[in-house]
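Colleague: I would like to go through this model one feature at a time. Please give the general idea where there is one, and then the case at hand.

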Amino acid sequence: MALEPVELYRDEQHACLMFTDLVEEDAQAVQANQFLIVDHGTGAIIDPGGNLAFNELYMGMVRYFSPHKLSYLIASHADPDIIASLDRWLTSTRASLVISRVWERFVPHFTKVGKTENRVIPVQDPGGILPLGQSQLHILPAHFLHAEGNFHFYDPISRILFTGDLGVSMTDGYIARTPVTDLAPHIPRMEGFHRRYMVSNKVLRLWVAMARQLDISLIVPQHGAPIMGPAIAQFFDWLDHLMCGVDLMDNQNYTLPTQPIAPLPQRPQ
């Protein structure tokens, strides 16, 4: 049975909720967080996830407001763990998909023919400000961290920055409920992922320079635990100096293969 969502923020008219255990870290699928933002009775889901998360997330959403008041499905990028459930959301709600214009013509592959027609809001590379209820979400450029078209989302009321795959840690849904306030002991859960999935230190430094201008109470990635307090500045400092992606590549990574790949054993007929 799924745990109660974590209330990242709540006042009389505005709430930010995090679901951490709808998809658990196991041998088949990586743990993932999904987020619900409600303002004056209108809602948005950030990175709604794949089919593994749909039923529990939908029922969790119903407890807070009616599905017909869901305005947006907001996707940081187009990976399956972000929006593979898109077809079911477009069927069960009237929400629009908000995603980078880079992925506008790719997301129909997640749905039945014609399902995305007049349902996609393509965001241009500089991002923008999206109205939600009587508030707004700031859509911030985060391209190549890790996807070619990638955005992060800042909620100025809660001062929460939702960072998709940046800040990810490999853990389970229970541990993901507790924010990290000291980055050093947390880095082993983050380092391997960031070195492989982030494109370059140059892009990290550009992003950090932008993010430092925000008033941030909490950084919340799509996998693993939120980052808060002193760990926020420590996270920025860590990213500033992290070599990753193409920084680590040389000719040894591009050689002709020699190792055989074993096929799976055939199942009995």
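Modeller: We can begin with a loop residue: H40 sits in the loop between β3 (32-39) and β4. Keep in mind that this is a predicted model.

Colleague: What is the phi of H40 near?

Modeller: The general idea is that most residues other than glycine have a negative phi, and most peptide bonds are trans. Here, phi of H40 is near 50 degrees, a positive value in a residue other than glycine. H40 counts as partly exposed, at 34% relative accessibility.

Colleague: In which loop is N118 found, and what is its phi near?

Modeller: N118 is in the loop between β6 and β7. Its phi is near 60 degrees, again a positive value in a residue that is not glycine. With 75% relative accessibility, N118 counts as exposed.

Colleague: And the peptide bond from L145 to H146, is it cis or trans?

Modeller: That bond is cis, with omega near 10 degrees. H146 belongs to the loop between β9 (135-141) and β10 (151-155).

Colleague: Now the helices. How do I read the sides of one, starting with α1? Which of its residues are buried?

Modeller: An α-helix has 3.6 residues a turn, so residues three or four places apart point the same way. In α1 the buried residues are A53, F54, L57, Y58, G60 and M61. They cover an arc of only 165 degrees around the axis, which puts them on the same side of α1. L52 and M59, on the other side of α1, are exposed.

Colleague: What span should helix α1 have, and how far apart are its end C-alpha atoms?

Modeller: Helix α1 runs over residues 51-62, which is twelve residues. At 1.5 Å a residue it should span 16 Å, and the end C-alpha atoms are 17 Å apart, which agrees.

Colleague: Which residues of α5 are buried, and which are exposed on the other side?

Modeller: The buried ones are N201, V203, L204, W207, V208 and A211. Their directions fall within an arc of 155 degrees seen down the axis of α5, so they line one face of the helix. On the other side, K202 and L206 are exposed.

Colleague: Next, charged pairs. How many salt bridges does a search of the whole structure find?

Modeller: In general, side chains of opposite charge can pair when their charged atoms come close. The search finds nine salt bridges here. One of them joins D87 and K112, with the closest N and O atoms 3.0 Å apart. This pair links distant parts of the chain, 25 residues apart: D87 is in helix α3 (residues 86-92), and K112 is in the loop between β6 (96-100) and β7 (120-123).

Colleague: Are D87 and K112 buried or exposed?

Modeller: D87 is buried, at a relative accessible area of 11%, whereas K112 is exposed, at 54%.

Colleague: What separates E191 and R195 in helix α4?

Modeller: They are four residues apart in α4, and therefore separated by about one helical turn. E191 and R195 form a salt bridge, with the closest N and O atoms 2.8 Å apart. Both count as partly exposed, E191 at 27% relative accessibility and R195 at 30%.

Colleague: Where do D237 and R212 lie?

Modeller: Their side chains meet in a salt bridge of 3.0 Å, N to O. D237 lies in helix α6 (residues 230-240) and R212 in the loop between α5 (201-211) and β12 (218-220), so the pair ties together parts that are 25 residues apart in sequence. D237 is partly exposed, with a relative accessible area of 41%, and R212 is partly exposed at 41%.

Colleague: Last, the surface. Which residues make the nonpolar surface patch of about 290 Å²?

Modeller: L3, Y174 and I175 make that patch. Y174 is in the loop between β11 (160-162) and α4 (191-197). Y174 is exposed, with a relative accessible area of 60%.

Colleague: For contrast, is P48 buried or exposed?

Modeller: P48 counts as buried, at 2% relative accessibility. P48 lies in the loop between β4 (42-46) and α1. Its C-alpha atom is separated by 6.9 Å from that of L73, a residue 25 residues apart from P48 along the chain.

Conventions. Residues numbered from 1 in each chain as written. Predicted model: local features only at pLDDT ≥ 70, side-chain atom pairs only at ≥ 80, totals over all residues. Heavy atoms only, no water. Helix = DSSP H or I, 4+ residues; strand = E, 2+ residues; numbered from the N terminus. Expected span 1.5 Å × (residues − 1). Buried < 20%, exposed > 50% of the residue type's maximum accessible area, 1.4 Å probe, protein only. Arc of directions from axis to C-beta. Patch = residues over 30% accessible without salt bridge, like charges linked within 9 Å, V, L, I, M, F, W, Y side chains within 5 Å. Areas by Shrake-Rupley, 256 points an atom, 1.4 Å probe, with all protein chains shown as cover. Salt bridge = Lys/Arg side-chain N within 4 Å of Asp/Glu carboxyl O.
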